[in-house]
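Here is a short briefing to read with the model open beside you. Take a moment to turn the structure around before going on.

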Amino acid sequence: MGMVDMIVILILALIIGSAMFYIVKEKKKGTKCIGCPMAGQCSRTCDSDKGKVK
């Protein structure tokens, strides 16, 4: 494994770790739908639209 491989693995681990940290932090704040732009203001749950045709 070369130096370039190690750097790529380190960068990927940093990106994945940062994403996981963000998700955990948002869930602890009570955000229901992290990907939704209205997540902090919406009272619905994420799965309330399942089965409905848009």
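Predicted model: local features only at pLDDT ≥ 70, side-chain atom pairs only at ≥ 80, totals over all residues.

Residues are numbered from 1 along each chain as its sequence is written, and side-chain values use heavy atoms, with hydrogens and water left out.

**Fold**
- Helix H1 covers residues 3–29.
- The 27 residues of H1 should span 39 Å at 1.5 Å a residue, and the end C-alpha atoms agree with this, being 39 Å apart (the expected span is 1.5 Å times one less than the number of residues).
- Glycine 30 follows H1 and has a positive phi, near 100 degrees.

**Surface**
- Of the 54 residues in the protein chain, 7% are buried (buried is under 20% relative accessible area, exposed over 50%, and partly exposed in between, with a 1.4 Å probe and protein chains only).
- A nonpolar surface patch, with about 1300 Å² of accessible area together, has Met1, Ile9, Leu12 and Met20 among its members (patch residues have over 30% relative accessible area and no salt bridge, with nonpolar side chains joined within 5 Å and like charges within 9 Å).
- Methionine 20 lies in helix H1 and counts as exposed because its relative accessibility is 53%.

**The charged pair**
- The structure holds one salt bridge (a side-chain nitrogen of Lys or Arg within 4 Å of a carboxyl oxygen of Asp or Glu).
- Glutamate 26 and lysine 29 form a salt bridge, with their closest N and O atoms 3.2 Å apart.
- Both residues, glutamate 26 and lysine 29, sit in H1, three residues apart, or about one turn of the helix.
- Glutamate 26 is buried, at 10% relative accessibility, whereas lysine 29 is exposed, at 60%.
- Beyond its neighbours within four places in sequence, glutamate 26 contacts Thr31 and Ile34 (heavy atoms within 4.5 Å).

Technical notes. Helix = DSSP H or I, 4+ residues; strand = E, 2+ residues; numbered from the N terminus. Areas by Shrake-Rupley, 256 points an atom, 1.4 Å probe, with all protein chains shown as cover.
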